[in-house]
Structures are given as C-alpha cells and as structure tokens.
Amino acid sequence: MWNGVTNNPTFNCTGYDLNIYGAFRAVAGSWTFTQDARALPIVDSFVVRTNITFNKSGGTFTVGKGVFLKNLTSATSIQASGSTLSITTGDLDISNVNANSVRFGGVTITNGSSKVNNSGPATFNLGNMSIPLGSFKVKNWTGTTFQIGTLNITQDSFLIDNWDSGSFSSSTITCNSAKFHIKDWSGTSFNCNSNISTSSSFKIKNWSGANFQVSGTITLAQDSFLIANWGSGSFSSSNITCNAAKFHIKDWSGAASNFTSGNISTTTGGVKIKNWNGRNFQSGTITLAVDSFLINNWDRGSFTASTINCGAAKFHVVDWSGSNFTCNSNISTTAGGFKIKNWAGGSFQVSGSITLAQDSFLIQNWDTGSFSSAGINCGAAKFHVVDWSGINFICNSNISTTTGGFKIKNWAGNSFQVSGNITLAQDSFLIDNWDTGSFSAYTITCNAAKFHIKDWSGTSFYCNGSISTTTGNFKIKNWTSGSFQTTGSITVTQDTFLVNGWSGSSFSAGSGISCGNARFQLSNWTAGSFSAYSITANVDSVVIRNWNAGNFLTTLAISANAKGVLFENWNSGNISAAFSHTAADLVLKNVAAATTVTLVSTTDIRKVVFNNAPVNFNGSSSSFTIRGDFDLTGSGVKYSHSGTLNIYGNTNLQGAATYTHSGTMVFLSTTAGTRIHLNNYTVGNANFSGSGTWTLDNPFRVSGTTTHQAGTLVSNSFRLYFGNIYDATSASAKSLNLTGTDTVYVGYSFRLNSGVATTLIKDVAVLKIESNVATIHYIDIPGKSLNDVVVNTLSTSTAVYDVQFLGTNAIFGNTKIKNNNNFLTYFNASNATFGNVTISYPTANSNLKTIYFNAATTTGNLTVTTAAGLTEMVTVQNNTFGNIVLPTSAVWTSTNGRNQTLTGLTLDGNCITPAVIKSSTTAVTTFTDVSGTNSFDFIQTQYVTFTGGATWQASNVISTGTTGLTTMTYVGKTYYWIGNAGNWNDPLHWSLTSGGAAASCVPTLTDSIVFDVNSFSLANQK
C-alpha cells in the first residue's frame, strides 16, 4: 500500500517479477508504476484511488480479489495492453474515472463482474474479456472511446446505462445466459465487429446517439429483442436470431436513422415495430412462428425485407403514414391473418406472393399510395379491403381463398388490378360502395360463394376471363357509372342473376351468361347498354323490366325453356337478341312504340306475345322459329325480316302496322285447323312442310318462292299469290285445295309431283303465270288437271328463254300465252290435253317466234298472233288440234312420218314472204282434217300429204313433194327495179311497170325481172 509519503513516487519493477501477497493500493499522491513483461500476481485486490501512471508492457497480471479504480483524473494512465488482467474473485470496478487511458490486453473475471460507473477516459481498451459468473455493465459514460475485443459473459447482463459521449467497439459479445441491455445512450457509435449472442434478452432503450453496428449476427433465446425510444443514429447487423424471444422496436424517432439487418428470426415470439418515426428499416428474411408481425404507428421512412415468414403468427400493419413498405419476396402465415389498417403513406410492395391460412386478409382505411404483390393465397381466410382511398391495388398473379369470402367495401381510390384469377369457395365476392377507379381481374371463380356488387359509381369493372359461381347468385345493384365487362362467360347455377338499378355505361359478357337453375333479371335500367354473347336460364325465366335507356344485345341466343323471356315496361332503347327456348314464350309487355327488336341469330321459341308493344320487330337475316301461334293481333307491330320464319301454329298478321318479309316463312303445323291470316301482307318465300292442314283467312301473298312439301293448304275461296315459283315436286303427301278461289298467281314456275300423294283440287281456279323475270317459265302438272291457264312473259331481255308445259298425262284448260320479246313456247307435256290455246306476241320486233309441240298432245283451237316478225311452229310427235290459226307467212315444220290431225287450218303468206308447211326431211308428213275446206294463198309446201276428207286447196303456191292439195297454178309476173340502189328483198324497189309505183312484193323463182332506164336516176348508175 502506498500512502503518498512523497507527492510523486516512482516504482520501477522492470526486470523483476513483483509478487504481492496482500493488496496493491494507490490511495493518495500521484505516482508512477512501471513493469516490463514480468509477473504481477496480487493475492488480494488492486485498488487505485489516486492519479497514477501505470505501465506494464506484458507478463502475467493476476488479482485475487478484484480491481477497483475510483475517482481518477485525466492525469491517470493505466497501460497494460500487453497483459491479460485475471481476477480470481471480485469485480473489475471502475468508478468516476476520467483517466487519460485505461488499457488491458484482456480481462478475465473468474467470479465477479465488470463495472464501469461515471467514467470517461479518452481511451478505454479492455481487450478480450471473459466473465463467466458476473455481468458487464457500463453506467454514466462520458468518455471518448470504449474498446473491448471478445466479450464472453454467462449470466446477469451486458448493460450500458446512460452513455453520453464517445464510441463503443468490440469484436464479439457472447452473453450466454446474460441479457444484453443498452439504455440512455447519447454517445457516438456502438460497433461490434462480429456477433452478439445471449440466451436471454437484447434490449436498447432511449438511444439518441450515433450508429449501432454489429458486423455479425445478434442471437438471443428468450424474452425479447427490444429497441425502445431510439432518437438518432442508425442500427445495423448481419442477422438477428431471436429464437424464443420476441423482436420489438418501439418509439423510433430518428429522422435520419436507419435500421439495417440481414435475416431476423424468432421461433416463439413476435416481430413488432411500434411508433416508428425514423428513416428506413431494411432486413433480409424475417421469420417468426407465433404471436404477430406487427407494425403500429409508422410515421416516416420506408420498410424493406426480403421474405416475411410469419409461421402461425399474424401479419399486421396499423397506422402507417411513412413512405414505402417493400418485401422483395414472399409474405406468409400459416395460422394468422394479414391485416393493414389506417394506411396513409407510400406504397406497399411484395415482389412475391402473400400466403395465409385462416382469419383474414384485411386492408382497412387505406388513404394514399399503392399496394402490389405477385399473388395472394388466403387459404381458409377471407379477403377484405375496406375504406380504400389510395392509389392502386395490384396483384400480379392470383388471389384465392378456400372457405372465406372476397370483399371490397367503400373504395374511393384508383384501380384494383389482378393479373391472374380470383378464386373463392363460399360466403361471397362482394364489392360494396365503390366510388372511383377501375377493377380488373382475369377469371373470378366463386364456387359456392355468391357474386355481389352494389353501390358502384367508379369507372370500369373488367374481367379478362370468366366469372362463375356453382351455388351462389350473381347480383349487381345500384350501378351509377362506368362499364362492366367480361371477355369470358358468366356462370350462375341457382338463385338469381340480377342487375338492378343500373345507370352506368355498358354491361358486356363476351362469352355469354349461363344461369343454370337460376333466374336472369335486369331491372330499373336508366342508362347505358347491355350486351352478352348468349343468355341461358333453362330452369327459370329471363326478365328485363323497367328499362328506360340504352340498348340490349345478345350475339347468340337467349334460352329460357321453363318460363320464357319477358321484356316489361321498356321505355327507350332497342333490343337485339335471339331466343332459344322451345317450351317457353317471348313476351313483350308495355314496350314503347319506338323500340326496335332485332333477331341477331337463330331463334326458337314457343310463341311471341305482344302486349301493348307496338314495336319495330326486325327479324334481320336470322332464322326465327315459333312453336305455337305467330299472332300480331292488336299489337301494331312493325315487322321486318329477311331470314327464315318457322311457324308451328296459327299465323295472324292482322295487328301488324307494317309487315316486310323477304326470307322464307315455313309452315310446320302437324294438326288440322291451323289458320293463316296474312292481312294482305306479302312474305318473301313460303314453305309448307308440316303434316297439318292450313286454311287461309285472307289472300296469301308471296314475292319469291312457295314450296309445298307436305300437308294440306286450303285456299278457302281466297286468291293465292305464290310468288315466282310454286314447287310441289317433293314425293311426300300434300294437297292444294283451291275450292272457291278464282285465280292462283305464280311468276314463272308452277310444278307438281306426279304421284297420287300429291293432290290438286282445282275447283274453278284459273292459274295465271306472269313475270318480268328473264328465265324459263314452267307449268308442270304430271297426271293433274288445271282450269284455264294464263301466261304473260313480260321480260324485255333480248336473250332467248322458254315457256314450257310439262307433265305426262296432264290436263290443261284453255291456255292463253302472251310472250314478250324472245320467248319460245314448248309444249313438252306427253299425252297432255289442252283446251283452246291462244299465243300472242304483241311486241313489234323482227324476232322469230317459235312454238314447239315436242310431245304428243290433244289441243283445242290454236290461235297464234304476232305484231311483227315471223312465226314458226314445230311439231315433233303426233298431235290432235282443233282449228289452227297461224300468223301471215308462218312456217309449220313437222317431223317426217308424223300425223298432225286438226279441224281447220288458216295459214297464208304474201307476195313477199310466203307461208310454209313442210316435213322436217324429204320423208312425207301427213296433215289430216276430216271435213271442210282449208284454203291457202302464197304458200310453199314441201313433202307433205293432205288427207282426211277435207278439201285442201291453195293459190300462189310453190309445191314440192306434196299430195292431196288442189293448187291454182302460179302465173309468173314481170317486176321492174326502181329507186336506184337498194336491197333485193326490199319490196319498195320492185314495180309491175317500168318506173311505176312499188308493188310491195318481191320476185320469186317463177317471175321475170327487168332493169331499164327508169331503174336508176343517179350518175354512174346507168
């Protein structure tokens, strides 16, 4: 013990070991102790309470009962950096020391603690420290630098309490069972160049200094990792492993302060950050198992982590008003929920997916910024977004929940975007009170959940795939703006598909709506349009009610086989749809007169009912099938159609304001007593193909073709206008009953089947064939009988066309044919019978008019007249005629060897063109008349025989190979050419006197001709 005998004693032990069997105490004076690398064992304690310069350059330094440095000034320097201080029993107790420096090569305290109180030397370096049974505590530090190497303690604590200035640095801090605590720090940096570990807790409270840096890992086992009231500076570590401890940060307020760590993990505790008002939080993977990941009251700065694996813990962010939250991979919890409440900061970004299993995914009261993630898998948890007024919600893949619902309530932000599918199983897909922005997703599969949207006033709802629910319903209520669109289908199995209170823009279902067992209903529609590829409600009905604006469109069919389709209280807009519900009705009730109903594709219904619905019904080019009655009685409907109209029941057009049909009306009744009332309207084409009976209630008018395939058509005394063609050539059973009808009108073709299954009851009806179409005209009635037939061909085409009478064993009444231009007449009906036949050519043209009898016929009187041009009649088979009157200069050619029997023949030529009656070859043809006289003038006969008892005579005849004809010899004349140059066959150039008047004849082979001085009067012509 040195008691200060002198003021500045010097103790030099260089070159010597110094064994002190008692204590080393410096309690007064100011002295110097120097020892080189020699042993300094002290059995008792080492006490310094006065200024000392202690230099020990190495060697052993052991103290038995503690080291006590107290009340030392800056003049003190303890330098033992080359020696390890080893304390057997007792503490290293440094109190109120303001020394220049305190250095030890290392400190080992076998049974004691390290205590530093109220001290602050310029340099404090203790080297590596081992404290197996005690604690390490620094309290009230005001110095500059505190350095240690490796620190290893076992129990109690590592404690820094009230650090005011300077830095702390160490290599590794191993606390074992001791806790690691720092509180009231306002110094500079804390630096651990390797790891900090404790099986107890890690706590930093009231930090207002510079940086806390751990180059390695912070490891603890229980209690908590706690940072409370951090005021300035940054925190950094490699990893933080909490094991069974919780991770807590609260009251972080350093505006420029960062928290940086590698991975953070805890096996039984939570990860919680409360009252953050600092800069950035950055970590690697965060792993916990129970309790919760909680951020509560984050005011400033950003959060970044690699992966957040919550295990069975919940994920909560509450009261965020900082900048961005970023997770560079996944967030998951197996048993907890995912909740963000009261967000008023920047963006929340998860590069990977969010996975939870139960409870809920909940975002509530989001005010600013965007949310994004790769995918959200809720497991059995529900998905809820409530009170959103921020920017975008983006999910770059799928959102799914197996037992929870999907709900968005009170949305007033921008867009909600899901690049993938939304899948849920029960509860509901619900959007409630959407004010602004758009919603988009790929496919929405609700399974047993219902799909509901209500109180929408945003922009667009877009589903790029389909929407489906297997047991729930689909309902949209109070939609006031924006569009709803799915490119795929909407599938509902039961309950209802309902859109009620729509005043937005367009609703579109690109691949159709299938309601299964559910009802389809649109109600209270005041703006915008509706379109769907198709609508199917096979167990219930399709109802559109209280519609005040916009158009309704389905590209394919509306199917409602059970209860039908109803448009009720329709005040504005048009309807474009098809209907496919063979057991149900289409009912239009209280539909505005300006409404146009357009069939966009094939339609098949039981019947259409117009109840106070004077609509414009446009069948377009679609096929329209009505399984019951087609009844427009009293409706005022303006009907137009260019497609096929199939009708199984009665047809009554009495109520139609206008009716235009250019397609085919197919009558398919299978019962007797079916009525047709066309109200004097004309249909495009008609086809009778049912097995029933149709009775007309007014004239029947067709502009195109009437096909009679089956069934019985009863004219009921009304006229029939069959259009251009009446075709009854099919082999099936059919009947045309014309009882009481005076005239049947057909354009250019009337044809019947030859079989007995086709019957014609002609009564007194006249068949009139009249058309201006340039085509062949047919009357074909094999084995059937007609009354009078009138044929008028009105076409002015210069091409050659035919009028053909066909049908073996047919019977025609009196027949009148008026041919315009180049029509040829063919009587090709074998063994047919005609009444009187009149053929006229009223058009003044030079065309050759030809009449062919190509089959054996029996004909009454035949009269042919023509306004101009020549006529030829050709008979190919044996025929029987009544009286025949042919035009002047006509030619009758008959096939050789045939017999033409007649009761009279008028056939004359003139001096210009003689008439001709001849055989087709040099073989003789016979013309037979049994009585009377047949006289001809200006006629040529070739290879014919006149016989039968009648007198046959001719004047001005040229005869070759002819018998039976009494002829008056033709006396040749002399003709003089007059009028200068001209055509030989021009009768104006021939006169019976030289230079006289025209004789209006042309010389024949038996005449003489003269050219004289009076023939030419012009120069060079004589």
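The structure holds 17 salt bridges, a salt bridge being a side-chain nitrogen of Lys or Arg within 4 Å of a carboxyl oxygen of Asp or Glu. This is a predicted model, in which local features need pLDDT of at least 70, side-chain atom pairs count only at pLDDT 80 or more, and totals for chains, interfaces and linings use all residues. Residues are numbered from 1 along each chain as its sequence is written, and side-chain values use heavy atoms, with hydrogens and water left out.

- Side chains of opposite charge can pair when their charged atoms come close.
- K137 and D156 form a salt bridge through their side chains, at 3.9 Å from N to O. The pair links distant parts of the chain, 19 residues apart: K137 belongs to strand β15 (residues 136-141), and D156 to the loop between β17 (151-153) and β18 (157-163). Strands (E, at least two residues) are DSSP runs, numbered from the N terminus.
- K272 and D291 form a salt bridge through their side chains, at 3.4 Å from N to O. Here K272 lies in strand β33 (residues 271-276) and D291 in the loop between β35 (286-287) and β36 (292-298), 19 residues apart.
- K589 and E568 form a salt bridge through their side chains, at 3.8 Å from N to O. The two residues are 21 residues apart, with K589 in strand β70 (residues 575-591) and E568 in strand β69 (residues 565-570).
- A network of salt bridges links R545, E568 and K589.

**Accessibility of the paired residues**

- Buried means under 20% relative accessible area, exposed over 50%, and partly exposed in between (1.4 Å probe, protein chains only).
- K137 is partly exposed at 22%, and D156 is partly exposed at 41%.
- K272 is buried at 15%, whereas D291 is partly exposed at 38%.
- K589 is partly exposed at 31%, whereas E568 is buried at 13%.

**Largest pocket**

- A pocket is an open set of points on a 1 Å grid over the protein atoms alone, where a 1.4 Å probe fits, with protein on both sides within 12 Å along at least five of seven lines; lining residues have an atom within 4 Å of a point.
- The volume of the largest pocket is about 240 Å³, a volume being the space filled by probe spheres set on the points.
- Its lining includes C911, P914, Q940, N985 and L1005.
- Strands β111 (933-942) and β113 (951-960) each supply at least two residues of this lining.
- The lining has seven nonpolar, five polar and no charged residues. Ala, Val, Leu, Ile, Met, Phe, Trp, Tyr, Cys and Pro count as nonpolar, Asp, Glu, Lys and Arg as charged, and the others, Gly among them, as polar.

Key
Helix = DSSP H or I, 4+ residues; strand = E, 2+ residues; numbered from the N terminus.
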